[in-house]
Amino acid sequence: MKHTDIKEILYTDSFVGKKATVCGWVRTARDSKNVAFLALNDGTTLNHLQIVIDKENGPEVSPEAMKLGASVKVTGEVVKNDRNNTNEINAEEVILLGSCPQDYPLQKKFQKLETLREMPHIRVRTNTFNAVFRVRSVIAAAIHRFFQEKGFVYINTPLITGSDCEGAGEMFQVTTIGYSDKYDNAEDYYADDFFGKKTGLSVSGQLEGEVAAMGLGKIYTFGPSFRAENSNTQRHVAEFWHVEPEVAFAELPDVIELAEDMIKYIIKDYMEKCPEELKFFEERFEKGLTEKLLSVVNNDFEVVDYTDAIELLKKAPVKFEFPVEWGCDLQSEHERYITEQVYNKPVFLINYPKGIKSFYMKQNADGKTVAATDLLVPGVGEIIGGSEREADLDKLLAAMKEKGMSTEGYDFYLDLRKYGSVPHGGFGLGFERIIMYCTGMANIRDVILYPRTVGNIK
Ligand code: 4AD
């Protein structure tokens, strides 16, 4: 269908005085004695294009085309609107493409995010979700550009896997066998299943990412990860998008530097490319968002040892719900205290106790901690988890044994330590979490098209 994007018509002077055709959905319609106005949006910008219809000398317009949510095609002359310095169209023809009955759910101008969550197929038509999804797209492109410019190779790791990367038992099972009382034990059941063994949806592409890095040097993945976590929080979904670089010949400080550079690159690019959306989020969702992001780009992130963080938390003049002791896994309230109250900027926490981290992390010389890092940011908490990897075969085997893991299914991973092992590391960025941070959206369910959470699949 030949037409021009509303974004172009609104802001391009060279269209003025010329004839143009646009398509869009009616956001508002006003009718008076001599003239009618339609505010049209086609998703290319947050701003609407005003269509002016001269009721005496202008085109015949179906009443259905004047209804909220209807889709129309309009042809007419582009004219300058001096009041707001954008362009509008004096309609010569208005064609109704699709009518929209009274039960259209977006009748009210502002609807609660919770209400909109109940209709993911409709909420994309609101300004909020228009802005969120455009920012998602711009940031995804920035991530690819960042890694491509640095010579990283983009890898697609398998989504169906036999090995649980994080070892947390949070894998969704993949099976083609439905309910059955044919089997006496799990072994027989799995042997009969599609792959002949127990398989699940990958919680992380890291293990296979390491395989690729051991031949290609620097790789990154950008795909979905799945976690059957029973955590009904504002920052967990069962299906999220995961960015995972993996670098050979790298130690923990290199991993940290890469993560900081990436976050700064993404935010700078977003601020340049999405000023309209940023202004919208600042006004509607997070006061001070622009200043916060500018400060992230212009300042160094903090690096804090886990052990020092525990001391800070113990001395905190705050009563935490969960008690703090060396060795404990930090809860969201602890992470937020450190990043929001103590430093008020992004913080890399490093050197966690080995007992609370995954088997693959490099064991530090103290015998108690591992070379891990989480990046915590104000408002969201953890957005990145990463580490240097254990490159020594014997130490890795010992860690697996200590965690009660079987080596079955991990032969390929152990081989990486057997054949020309090198220091290496990487991290995982939760894509939805960086979108939350950049937009000020407080709930992860509002930054992904179809959020999957416990008991909820729309
Ligand atoms: O800290 P995690 O579990 O680390 C890994 O998966 C490593 N294998 C990554 C690596 O080193 N290559 O997860 C990494 C990030 C978290 O910091 C968080 O941002 C995001 O993934 N994440 C989730 N995002 C949304 N919903 C969930 N349920 C998430 N679980 C993790």
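Is Cys 438 buried or exposed in this predicted model? At 0% relative accessibility, Cys 438 counts as buried, where buried means under 20% relative accessible area, exposed over 50% and partly exposed in between, with a 1.4 Å probe and protein chains only. In this predicted model, local features need pLDDT of at least 70 and side-chain atom pairs count only at pLDDT 80 or more, whereas totals for chains, interfaces and linings use all residues. Residues are numbered from 1 along each chain as its sequence is written, and side-chain values use heavy atoms, with hydrogens and water left out.

**View A. The cysteines.** Zero disulfides are counted, a disulfide being a pair of cysteine sulfur atoms within 2.5 Å. Cys 438 is in no disulfide, and the nearest cysteine sulfur, that of Cys 274, is 9.5 Å away. Cys 328, at 17% relative accessibility, also counts as buried.

**View B. The largest nonpolar core and Tyr 270.** A nonpolar core is a set of buried Ala, Val, Leu, Ile, Met, Phe, Trp, Tyr and Cys residues joined through side-chain atoms within 4.5 Å. The largest has 87 residues, and those with the most contacts inside it are Ile 51, Ile 139, Ile 263, Tyr 270 and Leu 429. This core draws at least three residues from each of domain 1 (6-104) and domain 2 (123-446), with bounds that come from an automatic or database domain assignment. Leaving aside residues up to four places away in sequence, Tyr 270 touches Val 135, Val 138, Ile 139, Leu 278, Phe 281, Leu 293, Cys 438 and Thr 439, contact meaning heavy atoms within 4.5 Å.

**View C. The interface of domain 1 and domain 2.** The C-alpha centres of the two domains lie 45 Å apart, and their contact takes twelve residues from domain 1 and nine residues from domain 2. Together the domains bury about 810 Å², 38% of it on carbon and sulfur atoms; buried area is the accessible area (1.4 Å probe) that two parts lose on being put together, summed over both. Arg 27, Leu 46 and Tyr 104 supply 62% of the area that domain 1 buries against domain 2, more than any other three residues.
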